[in-house]
Amino acid sequence: MRADIMQERQKESQSEVSRLGDTPPEEFRKQLHELADWIADFREHIETVRVAPNNKPGAIREQFPKCAPEKGEPFEKILSDVDHIIVPGMVHWSHPMFLGYFGWTSTAPGILGEILTAPLNVNAMTWRTCPAATELETVVIDWLRQWVGLSDEFDGVIYDTASVGIMHALAVAREEVAPATRKLGLTDRNLPQLRIYTSDQAHSSAEKAAIALGVGEQNVIRIPSDAHFRMDVNSLGQKIAEDRRNNLQPMAAIATVGTTSTASVDPVGDIGKLCREARIWLHIDAAYGGGFAMVPEYEWLRKGWELADSIVINPHKTVFVPLDFSVLYVRDLERLRRVFSLVPEYLRGDTVEAEKNYMDYGIQLGRRFRALKAWVIWRSLGRAGVVARLREQIRLTDLLVDWIKSDDRFELSAQPSMGVVCFRFIAGIGDAGAGSPTPATAEKLDQLNSDIVERINASGRAYLTQTKLRGRTVMRIGLGNVLTTEEHLRKGWELIRETAAAVSEKSQNPKTKSQSNSNQPSPKATERN
Ligand SMILES: Cc1ncc(COP(=O)(O)O)c(C=O)c1O
């Protein structure tokens, strides 16, 4: 053996070997209690932290050593770094003033579910490698199916995200129009170009799937949307017909229930009828809107689902499961299994039972026990608890809409939908507000709206997003956090109004000392707000 290795092993035997294996049980118990207190304190005082950091890129990385530690460090020290480096360097999606994206949420039962999953640490690839994980997955998939009113012709599989779900759904669609692609691939087979259709408002996961599946990004055809950001079905029909005339092969259409910018809902029934006539796959992207279909007043969201081949729902967006948790439902799930089942020799003995082996339903072999956290939270809230919380989001959304409508310096930029409101500040610049603004004014308003969002986010007091609608920049609020109350929303709205006034004053009188700094955090508020 090399002398330096021998020396190192001798040293090891003095200090490290006595501590091989795991943390001693009593020490672990103490750490767990400490962690439990940390989590409870974090949750209780979350409102006191800045919603978003104001660090420069790289500032967090600089606080870590360049190399991994040579010797193990105590948990107390690690936890202290979480307090001093990680927590202040985060955007706190669980903060009640986080109003960005879809405002998804942590809940106490969700946290308990995640904690419970950690010590079990199983691999749910086959039934035999963990019967409970497999069977619970089947159970929660079916609970959700019933809650959202999807017919029992659909069965599903849990993935991490909707992007992965759509990729798998479209792999099945591809197999239907180009049989044996799983085996032979797409090249050298004289196949026509395959086409996927979705609206100009749909999520980019359609293109990502086309990239991964060899269909090609440019074969995702964006169909124009109407004044309410819903897919124009006539244009879809025309595009499919035109593609057929040009010997291109329509493969799938994707209808969205809750688009990313405005949460608009495509006319799924009409799109579905067209897909049936054209004999192409209908995938429904209900990543956001799917959860709302549980609310009786929103049952209309389910219209046309009976015509779908696949549908993806993200409970990590709207059914209170912590990220990540997305369910892909496929009518006749066996079609998905046929595309992805491939049993390696060393697992053959593990797959003899009639029960599902979820590794057969996707590219992933190793799979975590995601079903457990959903089971914990859905049992803790029950259907009624989930629906009541979604209704509260809708109530708050309506309230915000009333406030926006009653202030003529603002206008709604799209029909509010579920928990999403897009709006725009339209005052304070020349001809803005009076009829259609000139292009120059519209551009100035774009900048103004963007500045308002940037300034609010930099303040650490709230967090919203901005998006583009028909080329114009608008502010966007997504409600979804169980901790966000009417009071928080009111504070957020006041902050938007004040910031808009300050930013527009500054843009008109760049030299005057505006009140705009009032939203900048004091040095102290940078740490705690
Ligand atoms: C409508 C829609 N579909 C799909 C996705 C992708 O979701 P995921 O992050 O789960 O891949 C998003 C993301 O926000 C979305 O808004």
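Helices here are DSSP runs of H or I with at least four residues, strands are runs of E with at least two, and both are numbered from the N terminus. The model is predicted: local features need pLDDT of at least 70, side-chain atom pairs count only at pLDDT 80 or more, and totals for chains, interfaces and linings use all residues. Residues are numbered from 1 along each chain as its sequence is written, and side-chain values use heavy atoms, with hydrogens and water left out.

**Stop 1: the ligand shell**

**Stop 2: ligand contacts**

Show distances from the ligand. A ligand oxygen is 2.8 Å from a polar backbone atom of Ala-162. An oxygen of the ligand also lies 2.8 Å from a side-chain N or O atom of Thr-260. At Asp-285, a side-chain N or O atom is 2.6 Å from a ligand nitrogen. The protein covers 86% of the 390 Å² of accessible area that the ligand has on its own. Accessible areas come from the Shrake-Rupley method with a 1.4 Å probe; for residues, only the protein chains shown count as cover.

**Stop 3: Asn-457**

Go to helix H14 (residues 439-459) and pick Asn-457. Is Asn-457 buried or exposed? Its relative accessibility is 13%, so Asn-457 counts as buried. Buried means under 20% relative accessible area, exposed over 50%, and partly exposed in between (1.4 Å probe, protein chains only). The Asn-457 side chain reaches the backbone nitrogen of Leu-464 at 2.9 Å.

**Stop 4: Thr-438**

Step back to the loop between strand E9 (420-425) and H14, where Thr-438 lies. Thr-438 is partly exposed, at 35% relative accessible area. Its side chain makes a polar contact with the side chain of Thr-441 (2.8 Å). Such a contact is a pair of N or O atoms within 3.5 Å; within protein, one must be able to donate a hydrogen and the other to accept it, and residues adjacent in sequence count only if both atoms are side-chain atoms.
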